[in-house]
Amino acid sequence: MNTLLKISLCGLIITLTMTTGIYANARTLEKNVHEGANIQNVSDAEAWLESYFEKNGINIEIGTPEYVDYLTDILVFENDKTMKKEKEYDDIKLYASEYLSCLNGPDMIVDEEKEKMMLNTEEQEKSLVQIEKEATKESVETENKNSNLYKVSVASAANKYSDSNAVKYAKKWAKKRNPRYKSYSSDCTNFVSQCVNAGGKKMNTPKSIPEGVKSSTNYWYSLRYQEWHANNYIYRWRETTSFIRVSDFFTYWEKKGIKKANYSSKTKLQNGVAVGDVVQLKNGNGKWFHTIIITGGSKGNRKYCGHSSNRLDEPVKNISGAVSYRVLKF
């Protein structure tokens, strides 16, 4: 058993046996809804995965681009048959949705020297029970908005959207990265934002644009510029989280009054979406974790493009792990 996992489990046993509970950590007292699992929180999940990778000869390091692709594939395609036999499988999927939903935002620490992306300390200590509660709350809030699913505002109509131009861009860059934009380990929303921009939706910037990544759902942009560094010009970017992060992308366009729709099955999704629509995926009781764009096929048999485990005209029917879908109809 992984050493970190042993330590975590020992700490859990000691905490639960304290009679007064005064010094107990709140997260260890919460009942894990997945009975019999050894994973209580995000940190446990990563320790378990490290042990799983080692046991099964999988050469993947936590936080790397390969790790992001692995988590994405588990959630979208459920393609690790060995993992599916583990009793911790549902817990790992819940953790994966949390990890991917936090990418490219304030909950991540970027180690550029090692090219790794890690959750911050607070996120590491978050229990799976808490993650499920947050996801459930988000689902309820979404349901409460369903009466306004097809309301369109003047703001959304300001820039016309060309489905064909968006799809043309998607197919060109589905298997590679456009150097005009910063490339991320979790690049799915960044890629789809580029497609939407190519389709005619203009970037929205403040008068004064800060350097680096700005946490914002009021503006939407990704701007490259040159900076003199060590006798050379290098590229830098000014961006908003709404351009590169799953949840913030949705919130930004929701504020703009873009048409929305929610589907609870792939069948309903494929009968309801059209070419050029943007789709976001949710795993079970987890968070919204992935963004794709519909690029072809016919009603009932759609295809899509996406980054983070790059896909070009992948059949939507191959998606197996998601249970909820929300659509933005530009």
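Two strands count as paired if DSSP finds at least two bridges between them. By that test, strand E3 (residues 212-214) and strand E5 (residues 232-240) pair in the parallel sense, over three bridges. The model is predicted. A six-stranded open sheet is also present, with antiparallel pairing.

- Lys 214 has Thr 240 in E5 as its bridge partner.
- E5 also pairs with strand E4 (residues 222-229), in the antiparallel sense, over eight bridges.
- Two residues separate E4 and E5, which form a hairpin.
- Ala 230 lies in the turn and has a positive phi of about 50 degrees.

**The six-stranded sheet**
- The strand order is E6-E11-E7-E8-E9-E10.
- Strand E6 (259-263) and strand E10 (311-315) are the edges; each has a single partner strand, so one side of each has no neighbour in the sheet.
- From one strand to the next, the twist averages 30 degrees.
- Strand E8 (residues 288-298) and strand E9 (residues 301-306) run antiparallel and are joined by five bridges.
- Ser 298 has Asn 301 in E9 as its bridge partner.

**Helices on the sheet**
- Helix H9 (residues 163-173) packs on the sheet and touches E8, E9 and E10.
- The direction of H9 makes about 110 degrees with that of E8.
- Helix H10 (residues 188-198) packs on the sheet too, touching strand E7 (278-282), E8 and E9.
- The direction of H10 makes about 45 degrees with that of E8.

Methods
Residues are numbered from 1 along each chain as its sequence is written. This is a predicted model: local features need pLDDT of at least 70, side-chain atom pairs count only at pLDDT 80 or more; totals for chains, interfaces and linings use all residues. Side-chain values use heavy atoms; hydrogens and water are left out. Helices (H or I, at least four residues) and strands (E, at least two) are DSSP runs, numbered from the N terminus. Axes are lines fitted to C-alpha atoms, for helices over the stretch in contact, and angles run from 0 to 180 degrees between N-to-C directions. Contact means heavy atoms within 4.5 Å.
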